[in-house]
Amino acid sequence: MTYRLLVLLCLLPLAAQTQASSSLRCGNALVTADDPMSEVASKCGEPVSRDFIGYRERTDDYGYRNEVQVEEWMYGPRNGMYYYLRFEGSRLVSVDSKRQ
């Protein structure tokens, strides 16, 4: 029992870090992973740049393979930080930030 608790306590910060990296605050609004592009654009406005990365093959729950478009949007600078939002199939999958 003690071993399981120790493992859980060690993994807890990783889960919190994963959640923090997949969300972005835009004014009073919050965008999170799995939000559609249209919702992100309405909450955060137009990005500074939009880059088409290419295509990625995904397999759905039924085993069907689909090719989805991958885009990266950049917002910033906000207090010296640039935010990079990655979309796959018109859904937000990750948010990264870099200080320039």
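Which strands does H2 lie across? The answer is E3, E4, E5 and E6, and H2 runs at about 10° to E4. Axes here are lines fitted to C-alpha atoms, for helices over the stretch in contact, and angles run from 0 to 180 degrees between N-to-C directions.

Hi everyone! What we have is a predicted model, where local features need pLDDT of at least 70, side-chain atom pairs count only at pLDDT 80 or more, and totals for chains, interfaces and linings use all residues. Residues are numbered from 1 along each chain as its sequence is written, and side-chain values use heavy atoms, leaving out hydrogens and water. Helices (H or I, at least four residues) and strands (E, at least two) are DSSP runs, numbered from the N terminus.

Let's start with the sheet. It is open, with four strands in the order E3-E4-E5-E6 and antiparallel pairing. E3 and E6 are the edge strands, each pairing on one side only. Two strands pair if DSSP finds at least two bridges between them; E5 and E6 have eight, in the antiparallel sense. Glu88 stands opposite Arg91 in E6.

Now back to H2, residues 37-44. Met37, Val40 and Cys44 are buried there, that is, under 20% relative accessible area, with exposed over 50% and partly exposed in between (1.4 Å probe, protein chains only). These three sit on the same side of H2, because they cover an arc of only 65° around the axis; the arc is that of the directions from the helix axis to the C-beta atoms. On the other side, Ser38 and Ser42 are exposed.

What comes after H2? Gly45 follows, with a positive phi near 85°.

Terms used: Contact means heavy atoms within 4.5 Å.
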